[in-house]
2 protein chains.
Amino acid sequence: MVNCKLCKVPGGDLIWSDDSLRIVQVADQQLPGFVRVIWTEHVSEMTDLSSADQWRLMKVVFGLEQLIRKQMEPTKVNLASLGNQVSHLHWHIVPRFLDDPFFPDSIWSPRHRSTDEQVVAARRSLAAQLPNLIQQQAEGWLMLR
Amino acid sequence: MVNCKLCKVPGGDLIWSDDSLRIVQVADQQLPGFVRVIWTEHVSEMTDLSSADQWRLMKVVFGLEQLIRKQMEPTKVNLASLGNQVSHLHWHIVPRFLDDPFFPDSIWSPRHRSTDEQVVAARRSLAAQLPNLIQQQAEGWLMLR
């Protein structure tokens, strides 16, 4: 698609990819651990995919959720496929914390606070290990039934 | 869970349920067609479910997406499992339109506009048919592989 940003650029720092999808890290200093899964082919909605591809994509989303829970121990994980701004199928996976800038609202809501810099720095250190862990585990997620 | 709202109340107008989940209509006059899928058991995250239950839940979410696309022809469908306010697993399925109050931002973002009342009334009429259609189709979604 000529005018689609996600057909042209990775949409974040590339962590892992295969033919069907890629995992990128979102460079948001206030939300460490925020990653996206972007479907390679230009489609808009989950129901533009076959059932097998839907499940393939969700296995990666849920693999990321599980890894992020273990690595970062967030209060909650947010999963969202919105695409109102860029209508190219992608999922947001966002670890959320009681003291993050938007909690308990969505990360698209108005900001409530700044997180203590030492606290967020510690989370950034944990998040910095995610790319390696994802690279080790992603193929395994796809092999699950 | 003693303090969990979604363990106590339906969380919307009940459309359809089985032992594992329920589908409810959200009474938002500005966002007709907004529905939720709520897991019956009190769990917080998708990765608290077995792989079979994850897929069971997503088949219903995607069934709703497909039905809403056909019935309402939205610009985009938004899917989200957030749970920051109520940490009981549930999915939001929201048909979005270029002229809806929040587009192209999330429905949790600040409002940009009011939608023309005739336009939103026409959408409410289409959305009013969703409960019947869902009741006819939901079991079929669960029987897909």
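Predicted model: local features only at pLDDT ≥ 70, side-chain atom pairs only at ≥ 80, totals over all residues.
Which residues does Ser20(A) touch, not counting residues up to four places away in sequence? The first view gives the answer.

**View 1**
Residues are numbered from 1 along each chain as its sequence is written, while chains are lettered from A and ligands numbered from 1 in the order in which they are written. Ser20(A) touches Ile38(A), Trp39(A), Thr40(A) and Arg56(A), leaving out residues up to four places away in sequence. Contact here means heavy atoms within 4.5 Å. Ser20(A) sits in the loop between β1 (13–17) and β2 (21–25) of chain A. Helices (H or I, at least four residues) and strands (E, at least two) are DSSP runs, numbered from the N terminus. Is Ser20(A) buried or exposed? Ser20(A) is buried, with a relative accessible area of 14%. Buried means under 20% relative accessible area, exposed over 50%, and partly exposed in between (1.4 Å probe, protein chains only). The side chains of Ser20(A) and Arg56(A) make a polar contact at 2.8 Å. A polar contact is a pair of N or O atoms within 3.5 Å; within protein, one must be able to donate a hydrogen and the other to accept it, and residues adjacent in sequence count only if both atoms are side-chain atoms.

**View 2. Ser109(A) reaches across to chain B.**
Ser109(A) lies in the loop between β5 (90–96) and α3 (117–128) of chain A. Ser109(A) is buried, at 9% relative accessible area. Beyond its neighbours within four places in sequence, Ser109(A) contacts Phe102(A) and Trp108(B). The side chain of Ser109(A) comes to 2.9 Å from the backbone oxygen of Trp108(B).

**View 3. Where chain A meets chain B.**
The contact takes 35 residues from chain A and 35 residues from chain B. The size of an interface is often given as the accessible area lost when the parts come together. Between chain A and chain B, the buried area is about 3000 Å², and carbon and sulfur atoms give 50% of it. Buried area is the accessible area (1.4 Å probe) that two parts lose on being put together, summed over both. How many salt bridges are counted between chain A and chain B? The count is four. A salt bridge is a side-chain nitrogen of Lys or Arg within 4 Å of a carboxyl oxygen of Asp or Glu. Glu45(B) forms a salt bridge with Lys76(A), and their closest N and O atoms are 2.7 Å apart. There are 27 residue pairs in polar contact between chain A and chain B (both at pLDDT 80 or more). On the side of chain A that touches chain B, α2 (51–72), β4 (76–81) and β5 each supply at least two residues. The largest share of that side, eight residues, comes from α2(A).

**View 4**
Over all chains, the structure holds four aromatic pairs. Trp91(A) and Trp91(B) form an edge-to-face pair, 5.7 Å centre to centre, with 85 degrees between the planes. Rings of Phe, Tyr and Trp (its six-membered ring) pair if their centres lie within 6.5 Å; planes under 30 degrees apart count as stacked, over 60 as edge-to-face and the rest as tilted. Trp91(A) lies in strand β5 of chain A and Trp91(B) in strand β5 (residues 90–96) of chain B, so the pair joins two chains. Trp91(A) is buried, at 0% relative accessibility. Trp91(B) is buried at 0% too. Trp55(A), Phe62(A), Trp55(B) and Phe62(B) form one aromatic cluster.

**View 5. Ile93(B) in its strand.**
Ile93(B) belongs to strand β5 of chain B. Ile93(B) is buried, with a relative accessible area of 0%. Along the sequence, Ile93(B) and Phe34(B) are 59 residues apart, but C-alpha to C-alpha they are 5.9 Å apart in space. Setting aside neighbours within four places in sequence, the contacts of Ile93(B) include Phe34(B), Val61(B), Leu64(B) and Leu79(B).

**View 6. Backbone details at Pro104(A) and Glu73(A).**
A cis peptide bond joins Phe103(A) and Pro104(A), with omega about 5 degrees. Pro104(A) is in the loop between β5 and α3 of chain A. Glu73(A) is a residue other than glycine, yet its phi is positive, near 45 degrees. Glu73(A) lies in the loop between α2 and β4 of chain A. At 67% relative accessibility, Glu73(A) is exposed.

Technical notes:
Heavy atoms only, no water.
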